[in-house]
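Subject: Structure for your review

Dear colleague,

Please find below the structure that I am handing over to you.

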Amino acid sequence: MKAPLNRRVFVIGYGAATPLGRTFHESWDRAVRGEAGFRKVTRCRVDSPCNVVGEIPEWDPRTLDFTDEKEIYNWNADFVILTMAVVKEALEHSGLQIDKETGPRTACLIGSALNGTDAFRIAMDNLREKGPLKVSPYLLPNLCANLPSGKAGMLLRFTGPVFSPQGACASGNHAVGIGARMIRDGDCDFAFAGGVDTCIIPELIHGFANMNATLKVHPGDRAYDDPSQASRPFSIDRKGFILSEGAGVLVLAAEDMIAAHGLKPKAEVLGVGWTSDAHHFTAPNRETIIRAIREAIDDAGLSKNDIQYVNTHGTSTPRGDATEIDCLRAVFGKTLGKIPISSNKSQIGHTIGAAAAIEDALTIEGMQRGIMLPTINHIPDPHFDDVDVIPNTARRRAHEIALANAFGFGGTNCCIIFRGV
């Protein structure tokens, strides 16, 4: 094997579709205004008080310029076409041109926790109601985790490695970390890295509800009449996360390729820290989360005093939020109160495999604009009195170094340090 090139890696663009908007910039504009993207579920019918979700507003694949009715019918796992749209947006935002030189040197790594679950549901309904000949021959590819990346390559004509890093709710950060390592070492020059999940189906809504992971909206809860208040990380009345759909993609590039192709860097991937809990399939392990954060800081060549902002995992669960704050206290000590932190999930909910990549893009845009997004719906919890969660309103403050946390089912943790440029 060749020796690694040890190249620096930068983010040159990004795209996203979230409950705040069909594009990244629609999502950003609403996020800055302190809005939330939650409503009673419309994608399906459920019999559960966990009926507030995050749906991409006005999402319709028929409005895209690369689809037709046949394409939509065949690729009925929504994460396929959604990924194609967001990768295309990210490419346009980056200014990169895919041609005979860059195409073979461009990888695509889009992670997903749930993959084509919605396509399997359609196949089961067809088998039960219409018979075996009505099960789509496209079912297997619709379930394949790498297909969204592969279809994006077919659309945009890049031919580097395509695969799906599977890190549950940390998939997006795992994709960014792996993509950065591949570029650093010379396996590729560019990479689309991110995550996607389209999880608004009855089985998943009921499954998360029965796990007691998502918010049950009963009369008297402040989200009962106002769904926008459903997700409230670090608040005293947090009771569970809000299940959401979405996709986020960063475009990564080697430093030497940026000048060669006239591209503009937005942030540098400075450090990656990843661990596993070996503890429990959902309950977090304080020790290994602390190690992931410290390893990211060490990999970046920084000290804890260099971190200026933390984009938390912040799901709005009682135990998860408390554990994350405890881990940050262990890493940063008494200086934690001087480091603003916030949770984008207060506005977009938990987009599962897409969460980290969407939050990375929002973090980088915030560094570009000198804005720290808020933790909305916040009612102070005395246990977090020593922490600045940027309550309720976005804050204008120049900052250059950000830590982005992501933790997932199965005990998988991935933290990344970005430096804005």
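Which residue in β7 is the bridge partner of V11? The partner is L252. This is a predicted model, in which local features need pLDDT of at least 70 and side-chain atom pairs count only at pLDDT 80 or more, while totals for chains, interfaces and linings use all residues. Residues are numbered from 1 along each chain as its sequence is written, and side-chain values use heavy atoms, with hydrogens and water left out.

Strand β7

Helices (H or I, at least four residues) and strands (E, at least two) are DSSP runs, numbered from the N terminus. Two strands pair if DSSP finds at least two bridges between them. Strand β1 (residues 9-17) is joined to β7 by eight bridges, and the two run antiparallel. Strand β6 (residues 190-197) is likewise antiparallel to β7, with eight bridges, and D197 stands opposite G246 there.

All nine of the nine residues of β7 (residues 246-254) are buried, so the strand is largely enclosed by the rest of the structure. Buried means under 20% relative accessible area, exposed over 50%, and partly exposed in between (1.4 Å probe, protein chains only). One side of β7 carries G246, G248, L250, L252 and A254, and the other A247, V249, V251 and A253.

Nonpolar cores

A nonpolar core is a set of buried Ala, Val, Leu, Ile, Met, Phe, Trp, Tyr and Cys residues joined through side-chain atoms within 4.5 Å. The largest one has 82 residues, of which V11, V87, L250, L252, V269 and F418 touch the most other members. Helix α3 (residues 78-94) supplies the largest share of this core, 10 residues. A second, separate core has 27 residues, including I290, A296, I325 and F384.

Aromatic rings

There are six aromatic pairs in the structure. Rings of Phe, Tyr and Trp (its six-membered ring) pair if their centres lie within 6.5 Å; planes under 30 degrees apart count as stacked, over 60 as edge-to-face and the rest as tilted. W75 and Y138 have ring centres 5.3 Å apart and planes at 85°, so this pair is edge-to-face. W75 is buried, at 10% relative accessibility, whereas Y138 is partly exposed, at 29%. The rings of F158 and F192 are tilted, because their planes stand at 40°, with centres 5.2 Å apart. Both F158 and F192 are buried. Ring pairs also link F208, F241 and F409 into a cluster.

Yours sincerely
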